[in-house]
Amino acid sequence: MFFLTNGNGCINILSYPELKPVQSINAHPSNCICIKFDPMGKYFATGSADALVSLWDVDELVCVRCFSRLDWPVRTLSFSHDGKMLASASEDHFIDIAEVETGDKLWEVQCESPTFTVAWHPKRPLLAFACDDKDGKYDSSRETGTVKLFGLPNDS
């Protein structure tokens, strides 16, 4: 199966490799921006313009939990290597890291600018994230941002 989010708040499920429609799920009332599957194959998560992250059961195709700690459209998601943590980010100046099974907030990683990419290390609890920090203390004439890490020994 191939899962695709769209501007109508739906998750379109297509056959693979034919890419023929199989099912469409109404997931959010607004644009679904991102989708990510956990490495254990139990869940997938969607992020939307409604600032919600929805956690879905892969087998049942039902939403089991919503995370609502962001105020801006969810731009990026990433599950940790063991599938126990979910990082989500947006134009808010923080990254929300939640425990997948309970929805509890584990960390709120402060950022100085919007975050559009988060990715967990494939074997360790180490999160890389890229911020859109062209404005401010860096050279604003460059079309670049910075990549930062969370989870190093001195982080809390």
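Which residues does Phe79 touch, not counting residues up to four places away in sequence? In this predicted model, the list takes in Lys36, Phe37, Asp38, Pro39, Tyr43, Phe44, Ala45, Leu55, Met85, Leu86, Val100 and Trp120. That makes Phe79 a handy place to start looking around.

Phe79 belongs to the largest nonpolar core, a group of 14 residues. Together with Ala45, Val53, Leu55, Leu77 and Leu86, Phe79 is among the residues with the most contacts inside that core. If you want to see where this core comes from, look at strand 5 (43-48), strand 6 (53-57), strand 8 (76-79) and strand 10 (94-99): these are the elements that give two or more residues to it. There is also a second, separate core, with 13 residues, including Ala87, Ala89, Phe129 and Phe150. As a general background note, nonpolar side chains in soluble globular proteins tend to be buried together.

Take Ser78, which sits in strand 8. Ser78 has a relative accessible area of 5%, so it counts as buried, the cut-off being under 20%. Setting aside residues up to four places away in sequence, Ser78 touches Lys36, Met85, Leu86, Ala87, Val118, Ala119 and Trp120. Ser88 is another example, this time from strand 9 (residues 85-89). With a relative accessibility of 3%, Ser88 is buried too. Its contacts, again leaving out residues up to four places away in sequence, are Val53, Leu70, Val74, Thr76, Leu77, Ile95 and Asp96.

Now for the aromatic rings. The structure has five aromatic pairs. One of them joins Phe44 and Trp56: the ring centres are 6.0 Å apart and the planes meet at 5 degrees, so this pair is stacked. Phe44 is in strand 5 and Trp56 is in strand 6, so the pair ties together parts that lie 12 residues apart in sequence. Both of these residues, Phe44 and Trp56, are buried.

Leaving aside neighbours within four places in sequence, Leu52 is in contact with His28, Thr46, Gly47, Phe67, Ser68 and Val74.

Leu19 sits in the loop between strand 2 (10-14) and strand 3 (21-26). With a relative accessible area of 45%, Leu19 is partly exposed.

Finally, let's turn to the charged side chains. The structure holds four salt bridges. One of them is between Glu101 and Lys42, whose closest N and O atoms are 3.3 Å apart. Glu101 is in the loop between strand 10 and strand 11 (105-110), while Lys42 is in the loop between strand 4 (32-37) and strand 5, so this pair ties together parts 59 residues apart in sequence. Glu101 is partly exposed at a relative accessible area of 43%, and Lys42 is partly exposed at 42%.

Another salt bridge joins Arg75 and Glu91, with 3.0 Å between the closest N and O atoms. This pair also links distant parts of the chain, 16 residues apart: Arg75 is in the loop between strand 7 (62-67) and strand 8, and Glu91 is in the loop between strand 9 and strand 10. Arg75 has a relative accessible area of 32% and is partly exposed, and Glu91, at 25%, counts as partly exposed.

One more to visit is the salt bridge where the side chains of Glu108 and Lys105 meet, at 3.4 Å from N to O. Here Glu108 is partly exposed, with a relative accessible area of 36%, and Lys105 is partly exposed, with 44%.

How values were computed: Residues numbered from 1 in each chain as written. Predicted model: local features only at pLDDT ≥ 70, side-chain atom pairs only at ≥ 80, totals over all residues. Heavy atoms only, no water. Core = buried A, V, L, I, M, F, W, Y, C linked by side-chain atoms within 4.5 Å. Buried < 20%, exposed > 50% of the residue type's maximum accessible area, 1.4 Å probe, protein only. Helix = DSSP H or I, 4+ residues; strand = E, 2+ residues; numbered from the N terminus. Contact = heavy atoms within 4.5 Å. Phe/Tyr/Trp six-rings, centres within 6.5 Å; stacked < 30°, edge-to-face > 60°.
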